Amino acid sequence: MVTQKFPPRIMYIECKGGGFVDPYGYGQESKGNGLHGTARIGRVTFSRTGSTLHYNGKSFQSLKGSGFKANYYDVETGEQYWISGPRRDGTDRLYKSDWPVEIDEDVREEYWTDIRKKPEWKTRTNTSLSTMSRPNATSLTRL
């Protein structure tokens, strides 16, 4: 059996350039040209060399430090993204924000159990704890 040099990994993916259509049926586009864009926690795969990341049919390559508020770009559209490993404390966005981050169904339990160490929250579909009580809260359904 051959092991992958770069196995799939749960990552934080935030569109910084706008136009990111949510792949999970929300049907809304990000207006990601500010500090905060549409974001998800999902499983990313890597090319054989590790230089290209793949998520939901999109391929991303590093901006090698030349991005503004971004570290990767979509190789097809040029849109910029912030992609990083998720943090245990949940502060994944590049800039502090209480905007919720949607979590893909296939990684939700692993995210809450193994990364955040909060197995009691494994049914939560996003990282927000109180989106309903905040008048300025935004989710993918409102973008």
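Rings of Phe, Tyr and Trp (its six-membered ring) pair if their centres lie within 6.5 Å; planes under 30 degrees apart count as stacked, over 60 as edge-to-face and the rest as tilted. With that rule, the structure holds four aromatic pairs. Two of them I'll take one at a time.

Tyr111 and Trp112 are edge-to-face, at 5.1 Å centre to centre and 70° between the planes. Trp112 also pairs with Trp121: the centres are 5.4 Å apart and the planes stand at 80°, so this pair is edge-to-face too. Put together, Tyr111, Trp112 and Trp121 form one aromatic cluster.

Before I go on, the ground rules. This is a predicted model: local features need pLDDT of at least 70, side-chain atom pairs count only at pLDDT 80 or more, and totals for chains, interfaces and linings use all residues. Residues are numbered from 1 along each chain as its sequence is written, and side-chain values use heavy atoms, with hydrogens and water left out.

Tyr111 and Trp112 are both buried. Trp112 and Trp121 are both buried as well.

A charge sits over a ring if NZ of Lys or CZ of Arg is within 6 Å of the ring centre and within 35 degrees of the ring normal. Lys118 lies over the face of Trp121, 5.1 Å from the ring centre. Arg124 also lies over the face of Trp121, at 4.6 Å from the ring centre.

Now the overall layout. Helices (H or I, at least four residues) and strands (E, at least two) are DSSP runs, numbered from the N terminus. The chain has one helix and seven strands. In sequence order, the pattern reads β-β-β-β-β-β-β-α.

Some totals. The chain has 143 residues, and 43% of them count as buried. Its accessible surface comes to about 8,200 Å², with 49% belonging to carbon and sulfur atoms. Those areas come from the Shrake-Rupley method with a 1.4 Å probe; for residues, only the protein chains shown count as cover. Contact means heavy atoms within 4.5 Å. Among contacts in the chain with a separation of 6 or more, 55% are between residues 24 or more positions apart.

Next, helix 1. Which residues of helix 1 are buried? The helix spans residues 108-115, and the buried ones are Arg108, Tyr111 and Trp112. They cover an arc of only 85° around the axis, which puts them on the same side of helix 1. The arc is that of the directions from the helix axis to the C-beta atoms.

Lys117 lies in the segment after helix 1. Lys117 has a positive phi of about 60° although it is not a glycine. Lys117 is partly exposed, with a relative accessible area of 45%.

Thr127 is found in the segment after helix 1. Thr127 is buried, at a relative accessible area of 16%. Leaving out residues up to four places away in sequence, Thr127 touches Pro100, Val101, Ile103, Tyr111, Trp112 and Arg116. Tyr111 and Trp112 bring us back to the cluster.

Last stop, the hairpins. Two strands pair if DSSP finds at least two bridges between them. Strand 2 and strand 3 run antiparallel and are joined by two bridges. Thr45 has His54 in strand 3 as its bridge partner. This hairpin has five residues between the strands, and Gly50 takes a positive phi near 85°.

Strand 3 and strand 4 also run antiparallel, with four bridges joining them. Thr52 stands opposite Gln61 in strand 4. How many residues lie between the strands in this hairpin? Two, and Asn56 takes a positive phi near 50° there. Asn56 sits in the loop between strand 3 (52-55) and strand 4 (58-62), and is a residue other than glycine. Asn56 is partly exposed, with a relative accessible area of 45%.

Note on methods: Buried < 20%, exposed > 50% of the residue type's maximum accessible area, 1.4 Å probe, protein only.
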